[in-house]
Structure formats: C-alpha cells, structure tokens
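Open your viewer and follow the stops below. Each one says what to select and what is there.

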Amino acid sequence: MDADNVIETHGARKVFRDFWRRPVVEAVKGLDLTVRRGEVYGLLGPNGSGKSTTIKMLLGLLRPTSGTLCVFGAPPSDTQAKSRIGYLPEVSHLHPFLTPRETLMYYASLFGLGREDARRRTEELLKMVDLDHAADRAVGRFSKGMARRVGLAQALVNAPELLILDEPTSGLDPIGCREVKDLVRLLAKDGVSVLMTSHLLADVEDVCDRVAIMDRGELRAEGRIGELLRQPDAVRFLVAGLDEQAVAALRGTIESRVGHPVQQDYPSMSLEAYFLQVVASDGRLRAFEVAPFLKRQENAGAETRHA
Amino acid sequence: MLRRMKESLRRMGGVALLATRGAVRAKVVAALLALLAVCVVALPGAVKGDGTPDGDLRILLSYTLGFSFGILCLATLWSACALFAAEIDSSRIQLSVVKPVRPFEFWVGKWLALLAFNAVLLAMVYVTVYAQLQWHLRRNGWTAADCLVSRRVARPLLPSPRESALQQYENLRAQNALPKNLTRREVLRTLEEKEDERYDGINPGESASWRFHLPRPLGNADSVTVRVRFDTEFSTREKVKGVFRLAVPGRTDAAVVVPLEDFTQNEIEFVVDARAFAAAVSADGLRDFELAFHHGGDPKSTAALMLRSRQDVVLLTPGGSFVANLARAALIQGSVLALLAAFGLTLSACFSVPVAAFVATVLLVLTVVANSVVGTISAEDEKQWQNKMGIAVSRTVHWASDHAMRVSPLESVTCGERIEGGVLGECVLWNMVLMPAVFTLLGCAVLRRRELAEGE
C-alpha cells in the first residue's frame with residue numbers, strides 16, 4: 001500500500017445473503033478505490049448504489065465477501081487504525097438518555113483518553129458545534145439537527161486523521177450545512193483526510209477534491225471535480241461593468257471569430273449564498289471556530305516550541 | 001504496556017458507566033428497588049411463623065432472601081440479555097465498535113456494570129434483612145446468641161458415592177438382578193446419582209450407627225448438637241419409638257442417650273455439653289464420635305425409620321459468627337448472579353432481545369427442573385431412545401448447576417450451618433472466574449464474527 005493513501009480497496013465485493021445463506025443481492029461489485037492523505041473525497045450515487053455498504057466495510061461493520069480493504073495500511077478491524085478514524089453515520093444512533101457532555105465523555109473513554117483530556121476536548125467540541133448551552137439536556141429530546149451536531153462532535157473527539165461522513169448535512173439547516181462544509185474544508189487544510197457521501201450534489205461540489213460515482217455497486221466515474229465537469233471546447237468570461245453596447249461589440253467580435261452564435265447569460269449567486277446573506281444580517285452566521293485540540297499544525301508547532 | 005492497560009481500563013470503565021446510566025435512567029433500578037422493598041419490608045409482615053424463635057427467624061430469612069434472590073436472578077438474566085442485543089438491534093453499537101474497543105473490553109465492561117449493580121442491591125437486601133432480624137429479636141425478647149448461630153457441620157464417615165455404587169452393583173450382580181440392555185457404566189452412574197437421595201430403613205428391633213470425625217477438636221466449654229431428619233415408612237406413617245446414643249467410640253463411660261419422642265417436625269435436634277465426654281478426651285482432643293439409633297418399636301410392626309444417611313444425620317459444632325455466615329451466603333448468591341450475568345451477556349451477543357430472553361428463561365427453568373429429573377432417572381428411562389436427549393441435557397445442566405451452588409446458601413444460613421471457606425472458594429471460582437471466562441470467550445468470538453450492521 002502506498003504510504004500516501006489512507007484508504008485502499010481492491011476488488012471489494014459484498015454479497016448479502018438470507019437466513020439459508022442464499023445470495024440475495026450483490027451490493028458492491030469489485031470496487032477499487034483510493035483516498036489520499038489530506039484530500040476530501042466524495043462518494044456519490046443513487047439509493048442502493050453501495051455507498052453506505054462500502055463505508056461500513058471500511059469501518060469493519062460489514063465483512064467483504066471477497067477483495068481487500070485497507071485503512072492506514074491495516075485491515076478495518078485493526079484497533080490502531082480505528083483509533084485514527086472519526087465516523088458520523090447517516091442516522092446519529094446516539095444513546096437518548098445521555099446528555100451531549102456525557103455522550104462525548106463516553107466516546108472519549110472508548111479512545112482511552114484520560115479524564116482531564118476527555119473533559120477538555122468535550123468542552124471545546126461542545127463550543128465548536130454550538131451546543132454548550134444544551135450540554136446537560138438528554139439527547140433524546142433534541143431536534144434532528146442538534147443530534148446531528150452531537151454526532152459530528154463525537155466523530156471528532158479523537159482528533160481523527162481520517163473522517164468518514166455519511167450524509168453529513170442531512171437534517172441540518174442551511175447555516176448548519178455551511179458550518180459543516182466550512183469545518184470539512186478547515187480540517188482538510190489541516191491535513192485530515194475526509195471520505196463523505198451525500199445526496200446533495202452541491203455540497204459535494206463545494207467541498208470535495210475528488211469524487212467517485214457509484215451505481216448498482218459499481219464505480220462508474222472517478223476523478224477531480226474540475227476535470228470531470230470541465231467542457232474542454234467551451235470558454236466562459238466573467239466581466240463586471242460592461243454596458244450593453246460593449247457587450248454587443250464583444251459578442252460580434254467573438255461570433256465572427258468562431259463562425260457561429262455564442263451564448264450569453266448573467267450569472268446569479270446560489271440560493272444558499274443568498275440565504276446566508278439574508279440571515280447573516282442578524283448575526284446568526286457566526287465565524288466558525290475549530291476546536292483548539294483539532295488544530296494539528298498549531299498544536300504541532302506548540303509541541304515543537306515546548307521541545 | 002502500562003499505558004495500554006490504563007487505556008483498556010478506561011474503555012471498560014466507560015462501557016460500564018454507560019450501562020449503569022442506561023439502567024438508572026430507564027428506571028430499571030427504581031422498579032427493582034420497589035420489588036425488593038416489597039420482598040424485604042412488606043413480605044415479613046404478611047407471613048406468619050410457627051411461634052418458636054427458630055421457626056420465625058427461619059421463615060423470615062428464607063422468605064425475604066429467597067424472594068429477593070429470585071427477583072435479582074430474573075432481573076440480572078433479562079437485563080444481561082438486553083445489553084448487547086438492544087444496542088445491536090437499534091444500531092447504537094455501530095458508533096461504539098468503530099472506536100478502538102476490543103470485544104473483550106465491551107464484554108467485561110458490561111459484565112462489571114451488572115456485577116456492581118448486583119453487589120449494591122444484594123448488600124442493601126442483606127443489611128435490611130439483618131436489621132429486621134435484630135428488630136424481631138428485640139421485640140420478642142430473644143437472645144441473638146441462641147437464635148443467630150453459625151455451626152460447623154460434620155457428616156457421617158461413609159464410603160464415597162462411587163464406592164457405594166460399586167458395592168450395590170456387586171450385590172445386584174450376585175443376585176442376578178442387574179437390568180438388561182444397560183452397560184456397567186450406565187448402571188453405576190444411575191446408582192451413584194441416586195446415592196445422595198437413597199433412604200435407609202431401620203426396622204423395629206434394629207440399630208444403625210454412624211461415625212463422625214469433627215474438623216476441629218471440641219473445646220471444653222463447647223457443645224455439640226445432633227440433628228437427625230427422618231421419616232417413617234411412607235405407606236403406614238406410623239410413629240417410631242427409639243433412642244439415640246451419642247458416644248465417643250470405644251468408650252462406654254462417655255455417652256449420652258436421648259429418646260425419640262417428638263414427631264411434629266420429623267426432625268430431632270439435641271444439644272450435648274462437651275463436658276459429658278470429659279473422661280474420653282484424647283491427645284488429639286475431642287474429635288471422634290459415634291451416633292447410634294436403636295428402634296425400640298414392636299418387631300412385628302412395619303414402622304421403619306427412614307432417613308438419608310448422607311444428608312439427614314449431622315453433628316453441629318460452634319463455628320464463627322452468624323454475620324460472617326450471612327456475608328458468605330451473600331457472596332455465594334452474588335457469584336451466582338455474576339454467572340447469570342455472564343450467561344445472559346453471551347446470549348445477548350448471539351440473539352435478539354426476545355430470543356435471548358426466551359432461551360435464558362427456558363434454561364433457567366431447566367436448571368430448576370434438572371436436579372429433580374436426574375434423581376428420578378431409572379434404568380428403564382435410559383433404555384428408551386426418545387429419552388436420551390432429554391436425559392443428556394438434564395445431566396449437563398445438573399452438573400453445571402451443581403458446581404454453581406455447591407451448597408444452598410439460604411438453607412445453610414436458616415439452619416445455622418456454617419458455609420465453609422473451601423465451598424465458598426469453589427463457588428466463587430466456578431461462578432465468577434471459570435464460567436464467566438468460558439462465556440467471555442464464547443461471547444467475544446460471536447461479537448468478532450458477527451456483522452453488526454445491515455446493508456442499505
């Protein structure tokens with residue numbers, strides 16, 4: 001395995017069987033996938049395409065029928081590899097009787113963190129996901145969005161090197177979506193690798209470096225977003241401040257050059273950007289701050305200075 | 001290494017704390033406390049004793065501790081059955097198993113939570129019952145030294161069940177009365193199983209005697225209690241006349257004779273002061289005794305005295321305090337609960353909640369039934385092929401439960417019999433170390449092999 005790859009799968013196949021061991025469905029068919037260190041990788045596909053099955057195989061929750069899967073060069077069941085992974089499932093599956101603070105302390109204990117360290121990380125994460133005001137209320141009474149924030153926080157409690165996010169923006173309002181996307185970008189900038197699935201193609205487009213499209217268990221396309229979406233024989237100019245006359249003149253020049261009519265449009269901002277602009281006016285869109293213990297580069301710098 | 005151990009302990013502690021919080025917040029503990037309060041506080045007010053100090057206290061102890069233990073057994077078993085299964089069924093386990101936790105740490109964490117729970121609840125029950133005992137004593141003006149006793153038990157020196165079975169086998173062979181179609185091994189096993197429950201009959205005009213060797217010499221100020229439980233021949237239910245004679249073997253000057261007159265309890269218990277044998281004290285101290293019974297009834301009558309020599313005839317000598325004995329009984333019960341917790345957890349790793357609870361309950365009932373089934377298996381039963389599976393299961397369950405409860409702690413405490421350290425150690429080793437280790441291996445193997453998620 002290449003040391004620069006955090007995830008590698010070769011011919012991964014998963015066949016689900018019924019009680020009598022008869023094959024029911026082949027959910028993943030010979031998948032070859034590579035996720036590199038520090039990149040945000042998007043796994044796209046319609047329902048039943050095998051995205052979640054792939055993720056569950058990578059986490060050791062399901063065993064592949066054949067093929068190999070490696071995470072940090074080790075099989076998914078390896079505890080050393082697991083200690084470097086953070087996982088947010090599509091449905092948060094939190095214990096409803098625990099408060100967010102207890103939830104984070106519990107998951108911190110599963111990483112073997114000491115009490116003080118766990119407490120510090122818990123408080124920083126609660127602040128980061130904006131749940132410090134509801135830290136002592138039972139999670140079972142939370143809205144889906146709030147539970148999602150707790151789920152996200154638990155995925156980060158070990159300061160993971162690989163973050164696996166299954167539909168991370170599901171159930172979140174546009175502000176929450178924006179924050180998650182900002183967080184993903186900030187973490188990636190800090191060297192964290194991210195593997196995420198989403199039905200919301202705009203989300204993937206916003207944050208992913210590379211994407212793979214799966215359908216019926218097979219990989220149909222893979223590559224950098226820019227490369228996949230580029231139309232090599234078309235060019236777009238974005239110019240501000242031209243009057244109608246200048247636009248007509250430019251258009252005439254280009255048409256006479258290429259010999260056929262050109263398309264002309266007036267770009268608009270995305271609905272998400274407009275929405276955020278509107279709600280930002282009352283100050284609800286806060287400047288997103290990553291929990292201090294997650295800032296790997298700063299922490300590394302501090303450790304070097306101490307040394 | 002040390003760091004890894006610390007981390008492992010933290011993980012187990014985290015899992016245990018989660019299980020504890022779940023039980024407290026799901027109000028399982030509150031419901032359990034309410035039920036135990038009914039058993040320990042309300043039940044003694046509803047049952048009536050026989051008016052004697054022994055009878056009253058025996059009823060109080062056996063009802064309160066017996067019912068509480070029964071409730072705790074069921075609660076432990078069913079809670080354990082739900083611990084893994086509910087998390088797997090609700091997919092909550094997925095978030096935990098993707099963390100660097102080994103199945104062993106999960107298993108032990110949950111088991112420790114159940115252990116801690118049971119320890120606290122059992123301690124509460126025993127302390128409350130002891131407080132009630134003291135209150136009863138004070139109210140009735142009874143003295144604790146007479147009523148709350150702990151005595152060492154000496155049983156007759158008899159051949160081992162295996163030796164007895166061999167002897168009976170030889171007798172049957174000599175009489176040409178061995179059952180057909182059964183191997184020697186099968187006949188010996190049946191005879192050995194029945195040995196403990198075998199009744200000996202003492203006919204009118206006949207005598208029987210039993211030799212004893214006390215585990216410790218009897219002190220001058222001590223006393224020895226003789227206790228014999230018996231029955232008369234089942235068909236006639238006639239009363240028996242006779243005398244018991246306790247003596248130092250080979251000495252005619254050191255003996256006490258007590259007539260058998262009272263049949264209300266089908267039990268005779270008499271106390272003999274050690275000073276009665278002062279003339280016979282050897283260098284080894286006063287340790288060897290012989291108890292004899294002579295049936296003084298009409299030789300023409302059929303009224304035999306029936307008793308099981310291995311169980312019904314005992315000498316009791318002072319041995320420790322009642323409180324220490326009560327604590328030993330609590331420890332044995334606690335160890336049984338630990339075993340049930342381990343068993344339930346393993347079922348929980350294998351099946352869904354309802355299936356695990358059903359299997360656990362069936363096996364619990366089988367455990368209760370197996371002891372009596374094994375005692376009634378006849379040579380004829382063994383011959384029939386349709387019985388073979390049932391007999392094999394009953395024998396296995398009986399064997400396992402026999403190891404789990406080498407002694408009945410409640411019976412020992414209520415009869416004032418000291419639970420010996422060796423027996424206690426065997427129970428604790430079997431229930432809290434060996435069997436949980438086997439169940440841990442099984443449960444962890446299942447957790448490692450089982451897929452804990454489903455496809456899309």
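How many residues does the contact take from chain B and from chain A? It takes 26 residues from chain B and 28 residues from chain A. Two residues are in contact if their C-beta atoms, placed from the backbone, lie within 7 Å.

**Before you go on**

This is a predicted model, where local features need pLDDT of at least 70, side-chain atom pairs count only at pLDDT 80 or more, and totals for chains, interfaces and linings use all residues. Residues are numbered from 1 along each chain as its sequence is written, while chains are lettered from A and ligands numbered from 1 in the order in which they are written.

**Stop 1: the side of chain B that touches chain A**

Stay with the contact and colour chain B by element. Two elements give two or more residues to the side of chain B that touches chain A: helix 1 and helix 4 (93-97) of chain B. Helix 1 of chain B gives the most, with nine residues. Helices (H or I, at least four residues) and strands (E, at least two) are DSSP runs, numbered from the N terminus.

Now colour by class. This side of chain B has nine nonpolar, seven polar and 10 charged residues. Here Ala, Val, Leu, Ile, Met, Phe, Trp, Tyr, Cys and Pro count as nonpolar, Asp, Glu, Lys and Arg as charged, and the others, Gly among them, as polar.

**Stop 2: chain A as a whole**

The C-alpha trace of chain A spans about 70 × 55 × 45 Å along its principal axes. Of the 307 residues in chain A, 39% are buried. A residue is buried if 20 or more other C-beta atoms lie within 10 Å of its own, exposed if 12 or fewer, and partly exposed in between, with C-beta atoms placed from the backbone.

Take the contacts in chain A with a separation of 6 or more. Residues 24 or more positions apart account for 70% of them.

**Stop 3: helix 1 of chain A**

Select residues 51-58 of chain A. This is helix 1, and it is mostly covered: eight of its eight residues are buried. Among them are A:Lys51, A:Ile55 and A:Leu58. Step on to A:Gly60, which follows helix 1 of chain A and has a positive phi, near 80 degrees.

**Stop 4**

A:Asp130 is partly exposed, because it has 16 other C-beta atoms within 10 Å.

Jump to chain B and select B:Lys27. B:Lys27 sits in the loop between helix 1 (2-25) and helix 2 (28-46) of chain B. The phi of B:Lys27 is near 70 degrees, again positive in a residue other than glycine. With 11 C-beta neighbours inside 10 Å, B:Lys27 counts as exposed.

**Stop 5: the domains of chain B**

Colour chain B by domain. Domain 1 is 2-149 + 337-364 + 422-449, and domain 2 is 154-318. These bounds come from an automatic or database domain assignment. The C-alpha centres of domain 1 and domain 2 of chain B lie 39 Å apart.

**Stop 6: two helix pairs in chain B**

Select helix 3 (residues 53-89) and helix 5 (residues 103-140) of chain B. They pack at an angle of about 165 degrees, with their axes 11 Å apart. Axes are lines fitted to C-alpha atoms, for helices over the stretch in contact, and angles run from 0 to 180 degrees between N-to-C directions. Helix 3 and helix 5 of chain B are therefore roughly antiparallel to each other. Angles under 35 degrees count as roughly parallel, over 145 as roughly antiparallel, 65 to 115 as roughly perpendicular and the rest as oblique. The contact of helix 3 with helix 5 of chain B has 14 nonpolar, eight polar and two charged residues.

Next, take helix 10 (residues 322-350) and helix 11 (residues 353-376) of chain B. Their axes come within 8 Å and cross at roughly 140 degrees. Helix 10 and helix 11 of chain B are therefore oblique to each other. Residues in the contact include B:Phe343 and B:Leu347 of helix 10 and B:Val359 of helix 11 of chain B.

**Last stop: B:Gly416**

Is B:Gly416 buried or exposed? B:Gly416 is buried, with 21 other C-beta atoms within 10 Å. It lies in the loop between helix 14 (409-414) and helix 15 (421-449) of chain B. B:Gly416 touches B:Val149, B:Ser150 and B:Arg151, not counting residues up to four places away in sequence. B:Gly416 and B:Arg152 are 264 residues apart in sequence and 8.8 Å apart in space, C-alpha to C-alpha.
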